[in-house]
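Here's a walk through the model on your screen.

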Amino acid sequence: MFSRISFSNWILAFIAFSVLAFLYLPIIVVVLYSFNPDTVNSFPMNGFSLKWYQVMFENEALIASLGHSVAVALISTSIATLLGVPLAFAMNRYAFPGKRLLERVVLLPLILPGILTGIAMLTFFQMLGIPQSMLAVVIGHSTFLMAIMMPQVYAQLKRLDSSIQEAALDLGASGIQAFFYVIFPNIRTAIFGAALLSFTLSLDEIPVTYFLNGVFSTLPIQIWGMTRNGITPQVNAISTLIFAFSLTAILISAWLGRKGE
Amino acid sequence: MRQGNRQGRSRFVLLGILAPAVIWLVLFLILPYFNLFSFSFWQNDVFTVRHEFNLLNYAKFFTESQTGAAPYLVLLDTLKLACWVTVCTLLLSFPLAYFIRFKVTRYKQALYMLVIIPLWVSYIMRAYSWKIILGTNGILNSFLLWLGIVDTPVSFFLYSDVSVIIGMTHIYTPFVLMPVYTALEQIPQNLIEASNDLGGNRLRTFLHVVFPLALPGIITGGTYAFVLSMGDFLAPSLLGGPTSSTKIANIVQQQFGTSNNWPYGAAIGIVILVLVLGLLEVTGRLERHFSKLESTSPRTLR
């Protein structure tokens, strides 16, 4: 595994694996203790039980918030895709005034701390008459997810040889036909990868959601509320399930990435 | 003539493709940011907001004392925290990235993947996990009791500035690791071999070749860590104690919650925004400066 084994390399290896341990220890702790029967998370564990998974599934508010989150993530990812893909296409195909500015503005919600985007949307949405609700959350999520979708698809389009579209047009395809039969199959993987990442990010988002949700509770907001009123091992259980989902998502996207190369 | 027709049509098509996204972004992103800016100059009334230009919110920010400390002191405290998190994340990321880049030959991809997986782990899970590890009845304490190192639980692990720094370092390290690794990955192997052939020992090769070429990545990663930890209000409120739980973003949060003074919250938000944009401008310049060095690196090697 190591190219050259020497004392300094062993020290470096030790530091590297300690950092990895630091990154994984908390995740491992949460997963392990989701199977701990006790109410208090203490060492050593007191056996193995699925008790907290049962308690979690009987927690109606938590399950409802999971439903809310999945709905928001699905709708927002769809909107971000429907708006972001044409935007990336236009940016790649045409030159127009303000293009560079637009490219930077789209990225703002990713660059700026989420709280700023959250309060900016809250104050303006109120003026527009959009109440704190699922609608506001969906608009907020769709907007920042465009910052994921647009650059990923744009990058993939740039890699694509523009002559294939011209060839399609010369051979008599309409613009729409050229897009769906020639361009789309080539950016499909990028879109799917970005959508998967968007979905996961939406499911996890707190700072923007916090200012827009009102009484509409998403999963991370609900969990946050639960962790603030003391510690309940249900949170370990739900976190473990979300982790399993995220892990599946990252493996799928890595596999897609390899396939796309 | 056909050409002209085609061009006219393509302009029409462009408008059709662009319009929905642009209208959406103007309405739900650009106008909200501008609105926040004008909000910061308005005043809070009992039930409404008075639209009247003045600088009172900004004056208040630098004078008023709230929960003991003036908000600008909280800002300074937050900047200090962000510096700590930046330093810690860089100190953790660099050796790991360096190890994967230069010392690992087999399983390189798998190891890199292992490093970025925590990025996909839910934020709330990562923040909360430190609460159950560091708490008074938590895992670290019961482990120390079990080992017999302490005989009563230690209470100062959690709810302090240290626990906030530990939590944030854990949350933001993967964000720093990626750009640092990418920068190291792009260093051509033959440059390092050349340095070794020319008699540079390993330390000199590191200081004069590897480190300068990794600087753009270090700057990018450090900027991520700084900006993200500066705007975080969740980790302080989960892991911080009576005083350490109030960072600048928490004061903004309060203005839009219990204190209910939106214009004042907007003003503090604008202060953060200006700081972040200024920082991004500076680090962006630095990054370009060091990337330029990279393209002329054969000369600087001499």
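Asp161(B) counts as partly exposed because its relative accessibility is 30% (buried means under 20% relative accessible area, exposed over 50%, partly exposed in between, with a 1.4 Å probe and protein chains only). Bear in mind that this is a predicted model, where local features need pLDDT of at least 70, side-chain atom pairs count only at pLDDT 80 or more, and totals for chains, interfaces and linings use all residues. As for bookkeeping, residues are numbered from 1 along each chain as its sequence is written, chains are lettered from A and ligands numbered from 1 in the order in which they are written, and side-chain values use heavy atoms, leaving out hydrogens and water.

**Salt bridges**

Asp161(B) pairs with Lys247(B) in a salt bridge, meaning a side-chain nitrogen of Lys or Arg within 4 Å of a carboxyl oxygen of Asp or Glu. The two sit 86 residues apart, with Asp161(B) in helix H7 of chain B and Lys247(B) in the loop between helix H10 (234–239) and H11. Helices here are DSSP runs (H or I, at least four residues), numbered from the N terminus. Lys247(B) is buried, since its relative accessible area is 1%. Asp77(B) joins Asp161(B) and Lys247(B) in a salt-bridge network.

Over all chains, the structure holds four salt bridges. Here are some of them:

| Pair | Closest N to O distance |
|---|---|
| Asp161(B) and Lys247(B) | 3.1 Å |

Glu185(B) is partly exposed at 40% relative accessibility, while Arg101(B) is buried at 8%. Arg285(B) and Glu281(B), on the other hand, share helix H12 (residues 262–295) of chain B, four residues apart, about one turn of the helix.

**The core**

Which residues have the most contacts inside the largest nonpolar core? They are Leu87(A), Met146(A), Leu96(B) and Leu184(B), in a core of 168 residues. Helix H6 (residues 134–159) of chain A gives the largest share of this core, 14 residues. A nonpolar core is a set of buried Ala, Val, Leu, Ile, Met, Phe, Trp, Tyr and Cys residues joined through side-chain atoms within 4.5 Å. Leaving aside neighbours within four places in sequence, Leu87(A) is in contact (heavy atoms within 4.5 Å) with residues of both chains, including Met146(A), Met150(A), Leu18(B) and Leu25(B).

**Where the chains meet**

The contact between the chains takes 88 residues from chain A and 79 from chain B. About 7800 Å² is buried between them, with carbon and sulfur atoms giving 81%; buried area is the accessible area (1.4 Å probe) that two parts lose on being put together, summed over both. On the chain B side, helix H1 (residues 2–39) supplies the largest share, 20 residues. The count of salt bridges between chain B and chain A is zero.

**Two tyrosines in loops**

Tyr107(B) has a phi near 60°, a positive value in a residue other than glycine. Its place is the loop between helix H3 (71–103) and helix H4 (108–120) of chain B. Tyr159(B), in the loop between helix H6 (139–147) and helix H7 (161–185) of chain B, also has a positive phi of about 60°.
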